[in-house]
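Please look at the chain from one end to the other before reading on.

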Amino acid sequence: MGEFVGLNPHGVRLLITALGETAQRAAALKPYLSASITQAGVDWPAGPATEVLDRCLQFLTAAHADLSWRAQTIERIENASSKDGVKGAEFPFPSAASAHAAGIIAGDLVKAAWAAYQADPTVTNRRELLSALADRQGKASDPEYAAGLLNQLGASAFAGILRAASLNDQNNRIGYDPTDLARVRKQLGPLAEAFAAADPTGAAPADLRTRLLDKTPLSDLAVLLALAPQSTSFIVAAGTKLAKASGSKSPDLNWNTHWLVKSLTHDIAATQQLLADPDTAELLLRPATVKGTATPGFEKMLADALNKALAPEAGDDTLRRTAWINTIKALGDPAAWSSLTPSTDQRTGMPTPSPISPVLAEHIRQYLPDFARIWMASDPENEAVKPAAWKDLSASEITMFLGSLSRDPAALSVLEKNYTAFVGKVDLGEGHPFGDAATEGERQKQRNVFFGRASVAAAVASLLIGGLHKADLSEEEARDTQIQLMLFPLDLAVGAFSGGVGGHLVLETAIGKAADLYVKNPGQDLLSELWDGAPPEEATRLTNALVNRQMAAFVASRQQHGLSPLSKSDVKYTKNTFRGLLLPVVLEALKERGG
């Protein structure tokens with residue numbers, strides 16, 4: 001029989017640390033005490049000597065081991081109760097030793113059943129194997145039981161059972177679908193849970209992890225992630241392999257990728273580590289994965305994982321920043337912009353906005369001050385220094401990333417909201433924009449402070465405007481190609497599609513010449529207006545909106561400092577200053593448009 005255990009995991013972890021440190025001190029003290037007793041000789045009083053220290057050390061070691069076992073077990077018991085920081089659960093075994101002994105017996109039983117099935121794979125033997133596996137339910141979350149079971153079973157039998165289950169019960173070519181997973185949960189769930197319990201403590205067989213990662217088919221790796229919360233290190237190792245096979249062109253749904261991403265929703269560190277690898281980040285965020293996995297709720301699940309891992313203060317600061325750099329690079333590539341486009345609802349057939357872009361637009365706010373410095377450092381005339389932590393990210397890459405987000409109206413709205421909050425914190429109105437101090441030296445200091453802070457606000461605005469111009473340009477190119485195709489005779493349109501249409505039509509062909517003639521026709525402007533209602537002016541609107549936000553923040557800041565309002569001419573001059581700081585990016589955008 002087991003026993004009911006209740007403990008505060010945080011407090012117990014502190015106590016475990018204290019017991020370990022005290023045991024180390026006691027062990028270090030023993031040789032000095034022994035030497036002192038020998039040196040004292042007859043002067044040492046009769047009675048206990050180092051054996052007292054030995055008993056103390058034995059107690060500390062045993063208490064440390066017992067509490068560690070209890071803490072590890074209660075964290076993994078699925079139905080453990082929790083209230084006011086205290087967890088409670090019924091333990092299946094009264095001690096670590098009894099749990100380990102029971103695990104060894106269970107390992108023998110499962111191994112024997114597996115050997116019998118291998119020798120004669122009859123229905124009867126398969127039932128015996130399934131029964132032996134199912135009997136482990138509710139016990140495998142104990143790390144000592146798991147260690148006994150796995151070491152007795154062995155890596156070869158563990159991997160063999162996974163493979164046999166896949167051959168019998170997996171009906172989808174790329175992983176277990178939910179129906180198949182439910183069917184194997186009783187038999188494979190205890191094995192997955194046992195590995196999850198024993199692997200983090202190093203108690204699993206030494207060759208089991210290697211066997212799983214190097215020789216096991218991907219669906220068998222994915223099912224372990226699906227059936228039990230695995231360790232961060234195993235999710236990262238398995239995820240690196242699974243990501244390489246994401247975005248497959250098979251007509252089957254990619255359930256392997258689905259279960260990987262689902263495991264990431266519960267492990268911030270694993271998500272950050274995978275995104276911190278540029279190759280893996282690109283694989284997970286490419287359109288073939290985001291749109292091509294196609295399992296129900298996949299994009300929302302990916303958005304959830306990104307939301308948790310990329311939020312301000314989530315996980316490790318350095319790791320999170322590296323994950324962001326790779327995310328920006330991956331999704332800033334126009335080839336990946338379709339990862340953030342609307343999808344078609346499988347039930348209604350209607351387009352549904354990307355759940356990913358608003359998440360990214362919300363959490364990118366944490367780095368706006370850094371992005372301002374990156375932008376300013378990109379201008380040789382500025383004295384700004386690029387932050388060392390962002391040396392691998394360029395202003396143009398940030399611009400392209402913001403362009404990908406700006407294509408989504410919901411994400412653009414979030415970006416504008418966060419820009420308003422950012423400018424409000426810059427405190428533009430602390431001093432006078434032209435200086436109103438008594439001396440010229442003090443007035444110059446005021447002007448420098450104002451211009452420096454205005455430059456920071458303008459730098460972020462420039463990135464947003466530049467990004468939206470990039471998004472506009474991309475949409476215009478796509479629309480112009482569509483317009484041209486609409487006006488071609490049917491046989492030319494068919495020829496264009498069969499010959500291939502890229503970002504621009506091939507000018508060397510007869511089709512291309514027809515397109516070229518039409519592009520030069522001023523009547524296309526009229527058709528463009530008929531096509532989408534109005535010429536694209538979103539970037540111009542955003543420019544004016546951002547200038548107005550800077551002015552509003554400036555006026556509010558002066559009011560907070562108790563300063564008098566500026567005159568109308570000063571307001572106009574200040575507004576023109578803000579607009580002038582944005583002039584370079586607007587000119588660049590006009591140049592790209594051919595204006």
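A cavity is found on a 1 Å grid over the protein atoms alone: it is a set of points where a 1.4 Å probe fits but cannot get out, and its lining residues have an atom within 4 Å of a point. The model is predicted, so local features need pLDDT of at least 70 and side-chain atom pairs count only at pLDDT 80 or more, while totals for chains, interfaces and linings use all residues. Residues are numbered from 1 along each chain as its sequence is written, and side-chain values use heavy atoms, with hydrogens and water left out.

The structure holds three cavities of 30 Å³ or more. The second largest cavity contains about 50 Å³ of space. Its lining is made of Leu 264, Thr 271, Leu 274, Leu 275, Leu 284, Leu 285, Leu 302, Ala 305 and Leu 306. Two or more of these residues come from each of helix 12 (268–275), helix 13 (278–285) and helix 15 (298–310). Helices here are DSSP runs of H or I with at least four residues, strands are runs of E with at least two, and both are numbered from the N terminus. For sorting a lining, Ala, Val, Leu, Ile, Met, Phe, Trp, Tyr, Cys and Pro count as nonpolar, Asp, Glu, Lys and Arg as charged, and the others, Gly among them, as polar. By that scheme the lining of the second largest cavity has eight nonpolar residues, one polar and no charged.

The largest cavity has a volume of about 70 Å³. Around it are Tyr 117, Arg 126, Leu 129, Leu 130, Leu 133, Ile 161, Ala 164, Ala 165, Asn 168 and Gln 187. Helix 4 (123–134) and helix 6 (155–169) each give at least two residues to this lining. Seven residues of the lining of the largest cavity are nonpolar, two are polar and one is charged.

Now take the whole protein. It has 26 helices and five strands. Of its 595 residues, 45% count as buried, where buried means under 20% relative accessible area, exposed means over 50%, and partly exposed lies in between (1.4 Å probe, protein chains only). The protein exposes about 29,400 Å², and carbon and sulfur atoms supply 57% of that area; accessible areas come from the Shrake-Rupley method with a 1.4 Å probe, and for residues only the protein chains shown count as cover. A contact means heavy atoms within 4.5 Å. Among contacts with a separation of 6 or more, 74% join residues 24 or more positions apart.

Helix 13 shows how such contacts are arranged in one place. What is buried in helix 13? Thr 280, Ala 281, Leu 283, Leu 284 and Leu 285 are. The buried residues of helix 13 pack against helix 10 (232–244), helix 11 (255–264), helix 12, helix 14 (287–290), helix 15 and helix 16 (317–332).

Helix 15 also contains Ala 303. Ala 303 counts as buried because its relative accessible area is 5%. Leaving out residues up to four places away in sequence, Ala 303 touches Pro 355, Ile 356 and Val 359. Ala 303 and Leu 360 are 57 residues apart in sequence, and their C-alpha atoms are 8.7 Å apart in space.

Charged side chains can pair as well. A salt bridge is a side-chain nitrogen of Lys or Arg within 4 Å of a carboxyl oxygen of Asp or Glu. The structure holds 13 salt bridges. One of them joins Asp 252 to Arg 173, with the closest N and O atoms 3.2 Å apart. This pair links distant parts of the chain, 79 residues apart: Asp 252 is in the loop between helix 10 and helix 11, and Arg 173 is in the loop between helix 6 and helix 7 (178–198). Asp 252 is partly exposed at 22% relative accessible area, and Arg 173 is exposed at 61%.

Lys 308 and Asp 304 have their closest N and O atoms 3.4 Å apart. The two residues lie four residues apart in helix 15, about one turn of the helix. Lys 308 is partly exposed at 32% relative accessibility, and Asp 304 is partly exposed at 29%.

Conventions. 1 Å grid on protein atoms, 1.4 Å probe; cavity = no way out; pocket = protein on both sides within 12 Å on 5 of 7 lines; lining within 4 Å. Points joined across faces, edges and corners; volume = space filled by probe spheres on them.
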